[in-house]
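Me: I've got a structure to go through with you. Can we start with the overall fold and then go inside?
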Amino acid sequence: YGVAEACLGAAEGFGWAIPETTIAIQGVGTMGGGAAWYLHEAGARVTALADARGTLVDPAGLDVPALLDLRDEYGEIDRARVPAHVQQLPREAIVGIAADIFVPADVSYAIREDNVDAVAARVVVEAANAATTWGAEDALIARGVRQVIVTLGGRGSRLVTADAVQVIPPVAVTPVDTTGAGDAFIGSFAAFLAQGAAPEAALTS
């Protein structure tokens, strides 16, 4: 839910109409699948989903609930039941999908030095821990990206700008249940940014 809210917040911040906002998501599990479902329900256009078998694309918008219902015991979408009009591409193609927002929600280091140049999205909302390598961060900044924020799990987060690299320590809490911790982090960060907080403050609030 937090990932979806961060995407919606980004769209709102840029002045994009939600029904016209296109989103590509890597991963159809708890994080990726959950974000895709919430975004679909919010009226956003999820145009690409990737799992271990490959990338599914429909520029008009995928029927996310129907595709999620096709997941097998391994969490992969059954390709034999995917509608014929949905384009099927290799797994790595998700990185280069031309969408407004890209959500890497599957594996760490999804965006690396060897594929960062293919990133075509205008905004990247990370759901997986350390979804971007340090070298890829530098490459994004060199392309004109104003800031890159990488979650590091229990080690906090990493904020990269053209001027500095900061490792922000996590807020000290006594954990009771870590379910949804990443969602809570992203949702909180987006909320504080929307209220005008600086990134450094939003990461520690």
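Me: What does the secondary structure of the protein come to?
Reply: Six helices and nine strands. Keep in mind that this is a predicted model.

Me: How compact is the protein for its length?
Reply: As compact as a globular protein of that length, because its radius of gyration is 16 Å, close to the 17 Å that the globule rule gives for 205 residues. The C-alpha trace spans about 45 × 40 × 30 Å along its principal axes.

Me: How much of the protein is buried?
Reply: Buried residues make up 44% of the 205.

Me: Which residues have the most contacts inside the largest nonpolar core?
Reply: Leu-39, Ile-101, Val-103 and Val-125. That core has 33 residues.

Me: Which elements give two or more residues to this core?
Reply: Helices H1 (2–14), H2 (30–42) and H3 (64–68), plus strands S1 (22–26), S2 (45–51) and S5 (101–104). The largest share, seven residues, comes from H1.

Me: Back to Leu-39. What is it in contact with, leaving aside neighbours within four places in sequence?
Reply: Ala-4, Cys-7, Leu-8, Ile-23, Ile-25, Ala-44 and Val-46.

Me: And the second core, how many residues?
Reply: It has 21 residues and is separate. Phe-102, Val-119, Leu-140 and Val-148 are among them.

Me: Last one, charges. How far apart are the mean positions of the positive and negative ones?
Reply: They are 3 Å apart, for 12 positive and 25 negative charges.

Technical notes: Residues are numbered from 1 along each chain as its sequence is written. This is a predicted model: local features need pLDDT of at least 70, side-chain atom pairs count only at pLDDT 80 or more; totals for chains, interfaces and linings use all residues. Side-chain values use heavy atoms; hydrogens and water are left out. A nonpolar core is a set of buried Ala, Val, Leu, Ile, Met, Phe, Trp, Tyr and Cys residues joined through side-chain atoms within 4.5 Å. Buried means under 20% relative accessible area, exposed over 50%, partly exposed in between (1.4 Å probe, protein chains only). Helices (H or I, at least four residues) and strands (E, at least two) are DSSP runs, numbered from the N terminus. Contact means heavy atoms within 4.5 Å. The radius of gyration is taken over C-alpha atoms; the globule rule is 2.2 Å times the number of residues to the power 0.38. Lys and Arg count as positive and Asp and Glu as negative; His and the chain ends are not counted. The place of a charge is taken as NZ of Lys, CZ of Arg, CG of Asp or CD of Glu.
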